Amino acid sequence: MSISENLLNQVKQIKSLAEAGLVYNKENYDAERYEELRALALEMMSILSDLPVEQLTGFFLPETDYPTAKVDVRGLILNAEGEVLLVKETVDNKWTLPGGWADVGLTPKENVLKEIEEETGFKAEVKRLLAVLDKRNYAHPPQPHYVYKLCYLCEITAGGFAPNFDIGEVHWFALDALPELSEDRILEEQLSKLVAIAKGDEAVFSD
């Protein structure tokens with residue numbers, strides 16, 4: 001992990017501590033100090049991520065409860081040839097596993113199946129959980145949130161693809177012939193790890 005990535009992770013921790021203080025503080029004096037600490041964290045995050053402070057301030061709504069990590073759900077689907085189903089994001093024209101942020105009110109399994117259907121048009125079923133990944137431990141581009149990734153092995157049961165607002169294409173790829181990946185969402189290292197777990201009998205991988 002580079003110095004800037006490590007520093008960004010520390011800034012995220014400072015921001016979370018400041019927001020926890022704002023949620024639970026009982027004195028106005030403390031609230032002012034926590035607000036100053038949060039503002040400093042956002043300024044540091046702006047420097048490290050090359051995003052304007054105003055954009056970050058608008059991006060992060062004030063916390064009303066204890067701040068926690070965000071959850072990203074992804075579905076690994078393999079065909080009979082062992083190829084991986086990937087979707088092409090219209091936002092960057094790069095490829096990833098179908099998935100996205102977990103919605104409140106749905107179980108992790110319900111979330112990943114919803115994302116698969118919305119992005120690919122396919123109905124699927126979850127076979128098993130493959131891995132719980134901490135994005136900090138991988139070479140993803142720097143980002144404001146602290147994220148855990150829940151990765152499931154899924155199987156198509158029905159449906160067919162139609163292009164939509166978020167996804168322009170869906171295609172099967174061999175691991176040795178992958179397209180340009182959307183590295184904020186998935187890395188080749190992670191794909192290889194997930195496929196190896198899916199094809200074996202290993203227990204759920206967690207890091």
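Reader: Leaving aside neighbours within four places in sequence, which residues is Thr 120 in contact with?

Author: Thr 120 is in contact with Leu 85, Val 87, Pro 98, Gly 160, Phe 161, Ala 162 and Val 170, where contact means heavy atoms within 4.5 Å. This is a predicted model, in which local features need pLDDT of at least 70 and side-chain atom pairs count only at pLDDT 80 or more, while totals for chains, interfaces and linings use all residues. Residues are numbered from 1 along each chain as its sequence is written, and side-chain values use heavy atoms, with hydrogens and water left out.

Reader: Why does Thr 120 count as buried?

Author: Buried means under 20% relative accessible area, exposed means over 50%, and partly exposed lies in between (1.4 Å probe, protein chains only). Thr 120 has 0% relative accessibility, and therefore counts as buried.

Reader: Why is Phe 122 called buried?

Author: Its relative accessibility is 16%, so Phe 122 counts as buried. Among the residues that Phe 122 touches beyond four places in sequence are Leu 85, Ile 156 and Phe 161. The C-alpha atoms of Phe 122 and Phe 161 are separated by 6.6 Å, although the two residues are 39 apart along the chain.

Reader: How many aromatic pairs does the structure hold?

Author: It holds two. Rings of Phe, Tyr and Trp (its six-membered ring) pair if their centres lie within 6.5 Å; planes under 30 degrees apart count as stacked, over 60 as edge-to-face and the rest as tilted. Trp 95 and Phe 173 have centres 4.9 Å apart and planes at 75 degrees, an edge-to-face pair.

Reader: Why is the pair of Tyr 146 and Tyr 148 called edge-to-face?

Author: Their ring centres are 6.0 Å apart and their planes stand at 85 degrees, so this pair is edge-to-face.

Reader: How do you know that Tyr 148 is partly exposed?

Author: The relative accessible area of Tyr 148 is 38%, so Tyr 148 is partly exposed. Tyr 146 is partly exposed as well, at 21%.
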